[in-house]
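Work through the exercises below with the model open. Each task is followed by a solution in steps.

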Amino acid sequence: MCGIVGYVGPRKATPVLLDGLRRLEYRGYDSAGVALVDEGAIAVTKCVGRVGNLIEAVDDTAGGNLGIAHTRWATHGGVTQPNAHPHCDMTGRIAVVHNGIIDNDEGLKARLAADGVTFASETDTEVLPHLIARHYAGDPHEAVLKALQEVRGTYGLVVVFADHPDLIIAARNGSPLVVGLGEGENFIASDSHALVRYTRRVIYLEDREVACITATEVNSVQLDGSDAIHTVEELEAIYGSEDKGEFPHYMLKEIHEQPESIGRCLRGRILPDLGSARLGGFDMSPRDLTEIPRVTILGCGTSYHAAMVGAMAIEGLARVPAQAEIASEFRYRNPVIDPKALFMAVSQSGETADTLGGIKEVVTKGGRVMGVVNVVGSTIARTCGAGVYIHSGPEVAVASTKAFTSQVTALYTFTLMLARTRTLGPHDAVELARALVSVPDVVSEYLAEPGPIEEAVRHLVGARYALFMGRGLSFPVALEGALKLKEIAYIPCEAYPGGEMKHGPIAMMEPGTPVIAIVPDDQHREKMISNMQEVRARGAALTVIHSRGDLKAQSLASVSIPVPRIHTLLTPLISVLPLQLLSYQAALALGKDIDRPRNLAKSVTVE
Ligand code: M6R
């Protein structure tokens with residue numbers, strides 16, 4: 001979603017800002033802009049569309065050693081040039097960029113308008129520069145503090161003043177901001193991706209913190225004027241390259257990175273000889289594990305699908321009641337929180353507003369939440385305080401692939417640890433631990449020989465409707481396959497458990513309807529074979545993802561995609577791979593923008 005970059009220091013600000021925006025492009029946006037403070041004035045350039053358009057519009061030889069820049073993902077007001085950030089006060093001497101939503105913008109607008117302010121945009125953000133201007137009498141810090149006392153809502157806000165060409169003011173409430181510390185220069189961004197090229201030393205601003213940033217100093221206070229204490233942290237070495245390398249798209253690159261990303265998630269955590277696992281970040285002794293009465297796993301989108309797999313594994317293997325919850329629903333249904341229960345929050349970005357809202361609901365009611373997060377230092381990781389990093393490395397494509405398999409891997413690792421304290425005997429535990437360690441090799445084996453994906457794509461391209469079908473652990477995999485196809489190929493589709501077919505969706509079957517069935521060799525296989533026969537009898541074009549050597553499943557398929565065999569609990573890690581490739585190839589065949597699908601953002605930081 002929206003991205004922010006700011007710079008103050010000896011360099012020319014423009015190239016730093018534009019480079020930062022480029023690095024934030026993966027978050028999704030629809031317009032971009034930049035404000036440079038130079039020679040006692042602020043020059044704003046903004047435009048609709050890609051950062052590339054902004055780069056063409058901006059004079060990159062312009063002076064100015066301080067500036068702010070923004071990529072906008074429209075919420076209030078359409079995708080227009082006036083609605084793009086930065087926004088200025090009426091004198092043009094104060095400029096702001098803002099992520100988040102101002103809840104009381106209507107009241108503030110009415111008051112400001114009554115005082116003679118005219119608005120240049122339809123955004124909620126524009127009240128901020130006007131409000132700051134009303135409080136400005138030469139002290140920028142005081143003006144921002146006073147203005148924010150009147151504001152309700154979420155913000156990651158960065159402000160510059162024409163009179164102060166050496167000062168950036170940043171304030172955070174519910175929308176992340178990170179200060180990058182350089183030598184004689186400082187940076188601010190909504191996401192550390194924008195900073196890694198310049199520095200690894202960062203300060204994460206906390207909610208209700210307002211920071212004054214110059215080239216040599218960072219001083220901050222709480223919104224109420226009390227001191228803010230922050231620590232300097234080191235960004236972890238980024239795993240994997242942020243470039244596409246030999247691949248035409250980030251998504252394809254990330255699909256092929258899965259042997260390494262899953263390997264990193266497992267490294268040092270599995271104890272194959274003991275048939276157990278060690279997750280240092282969970283900070284729970286075997287005794288603590290035996291006392292967990294139930295597990296609830298929160299997530300959105302793909303992370304929710306990973307949570308579903310995790311909950312099924314935990315309940316099935318460790319015999320602890322477990323459920324997955326869509327975070328955006330959970331947070332508003334006044335859930336009962338058992339303080340002894342374990343809650344987990346799954347998020348690739350660590351910034352998803354709905355997941356964060358769910359975590360806060362649990363914590364407010366006395367519960368504890370462990371994060372299962374990719375981005376180190378992200379808001380969810382820091383809010384949970386404990387948990388496990390999945391170590392996927394940067395995931396740039398909007399459609400999540402390698403994060404899903406690492407989230408599932410981390411949840412399996414926890415399941416092994418938990419089950420070993422309860423239900424799982426040494427023999428079965430060692431077998432599962434060894435199977436987990438083998439996953440990267442099995443993933444490589446499949447990716448080296450992915451089967452006739454393009455043939456399956458031929459049934460999908462041009463289809464009015466497609467159905468994904470799976471049972472047990474393969475149902476969340478079916479959901480994930482359908483989500484991927486919708487996200488990047490825009491093909492209408494849905495996913496159902498095989499047992500639900502006769503309760504409705506079979507009415508959609510007609511000759512040629514593409515059905516993708518996920519049929520590993522597990523306890524659901526026979527039932528799935530019946531479900532496949534039912535749709536086949538109605539003319540469906542069946543693409544079947546099945547265990548290698550399953551001749552019966554193969555015989556029912558119009559397109560058969562065999563995958564290597566693995567421990568039945570771990571099948572989602574393998575059967576999701578052809579679905580990732582299927583959506584990728586379908587989007588490619590349809591000429592879609594694979595890495596940046598329409599309307600979507602990589603990190604959904606507003607509700
Ligand atoms: O960063 P998160 O894992 O919290 O994001 C959750 C969803 O927004 C995300 O998984 C989304 O569904 C992806 N675009 C899926 O490909």
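**Exercise 1.** How many residues of domain 1 are in contact with residues of domain 3, and how many of domain 3 with domain 1?

Solution. The model is a predicted one. Start with the bounds: the domain assignment gives domain 1 as 3-234, domain 2 as 244-446 and domain 3 as 449-600. Next, take the centres over C-alpha atoms; those of domain 1 and domain 3 are 45 Å apart. Then count the contacts: 4 residues of domain 1 touch 4 residues of domain 3.

**Exercise 2.** Find the salt bridges and polar contacts between domain 1 and domain 3.

Solution. The count of salt bridges between these two domains is 2. Glu25 forms a salt bridge with Arg596; their closest N and O atoms lie 3.4 Å apart, and the cut-off is 4 Å. Polar contacts between domain 1 and domain 3 join 2 residue pairs. By class, the side of domain 1 that touches domain 3 has 1 nonpolar, 1 polar and 2 charged residues.

**Exercise 3.** Describe the second largest cavity.

Solution. First, the count of cavities of 30 Å³ or more is 4. Of its 13 lining residues, Arg72, Thr75, His85, Asp124 and Thr125 are the closest to its centre. By class, the lining of this cavity has 3 nonpolar, 8 polar and 2 charged residues.

Notes:
Residues numbered from 1 in each chain as written. Predicted model: local features only at pLDDT ≥ 70, side-chain atom pairs only at ≥ 80, totals over all residues. Heavy atoms only, no water. Domains from an automatic or database assignment. Contact = heavy atoms within 4.5 Å. Salt bridge = Lys/Arg side-chain N within 4 Å of Asp/Glu carboxyl O. Polar contact = N/O pair within 3.5 Å; in protein donor to acceptor, adjacent residues only side chain to side chain. Nonpolar A, V, L, I, M, F, W, Y, C, P; charged D, E, K, R; others polar. 1 Å grid on protein atoms, 1.4 Å probe; cavity = no way out; pocket = protein on both sides within 12 Å on 5 of 7 lines; lining within 4 Å. Points joined across faces, edges and corners; volume = space filled by probe spheres on them.
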